[in-house]
Amino acid sequence: MMRILFFITFFVAKLFCLDLNFTNFSSDFIQSVSSKNSKINYSGHFVLTQNKAFWSYEKPTRKEIYINKNQITIVEHDLEQVIFSTLDTIPNLNEIFKSAKKIRPNELEAKYQNINYKILLENDEVKSIGYKDEFENYVLITLLKQSKNTKLDENIFIPKFPKNYDLVR
């Protein structure tokens with residue numbers, strides 16, 4: 001779970017790093033996780049502001065992740081549970097991006113905690129980011145239908161879940 005949360009934080013920072021002049025950013029995404037024997041694709045949508053994020057995974061299972069500064073709420077519909085957590089230490093992302101090196105015209109590479117992240121750009125926007133996780137899975141997240149500065153209902157950042165779900169703190 002921490003690797004996913006780190007990735008989300010890392011990814012958000014990369015988006016902000018490219019263009020700080022937006023109030024919100026949203027995109028559909030496909031997240032592929034490949035191991036030696038299998039591959040699974042997740043898809044969904046996310047919305048970001050300068051200090052909040054909402055990730056909605058739609059396939060293959062429904063899950064929502066709400067981030068408000070360092071507070072995180074994960075709604076796992078299949079498990080009928082809600083996980084409340086905090087990020088006590090957020091990586092120094094500015095240092096990570098300062099160390100990112102251009103390895104090809106539209107490709108950057110950054111290294112953090114012995115993990116290499118490859119970031120592909122298209123028209124100065126993040127098209128995808130890939131890395132190998134601690135379990136030797138290759139994770140690739142591709143962005144689709146990006147938009148900035150759209151009219152936004154702030155209620156999207158308020159966690160929503162049925163009252164009968166188990167709460168995990």
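The following legends describe close-up views of a predicted model.

View A. Strand β3 spans residues 52-59 and includes Ser56. The relative accessible area of Ser56 is 12%, and Ser56 is therefore classed as buried, the cut-off being under 20%. When neighbours within four places in sequence are set aside, the contacts of Ser56 are Phe29, Ser43, Gly44, His45, Lys63 and Glu64. Two of these residues, Lys63 and Glu64, belong to strand β4, which covers residues 63-68.

**View B. Pairing of strands β4 and β5.** Strand β4 (residues 63-68) and strand β5 run antiparallel and are joined by six bridges. Within this pairing, Val75 of β5 is the residue opposite Glu64. Glu64 is also among the residues in contact with Ser56.

**View C. The hairpin of β4 and β5.** Two residues lie between the strands of this hairpin. Lys69 adopts a positive phi here, near 55°.

**View D. Strand β5 within the structure.** Strand β5 comprises residues 71-76, and five of its six residues are buried. The strand is therefore largely enclosed by the rest of the structure.

**View E. Pairing of strands β5 and β6.** Strand β6 (residues 81-86) pairs with β5 over six bridges, in the antiparallel sense. Glu76 has Gln81 in β6 as its bridge partner.

**View F. The hairpin of β5 and β6.** In this hairpin, four residues separate the strands. Glu80 has a positive phi near 50°.

Note on methods: Residues are numbered from 1 along each chain as its sequence is written. This is a predicted model: local features need pLDDT of at least 70, side-chain atom pairs count only at pLDDT 80 or more; totals for chains, interfaces and linings use all residues. Side-chain values use heavy atoms; hydrogens and water are left out. Buried means under 20% relative accessible area, exposed over 50%, partly exposed in between (1.4 Å probe, protein chains only). Contact means heavy atoms within 4.5 Å. Two strands pair if DSSP finds at least two bridges between them.
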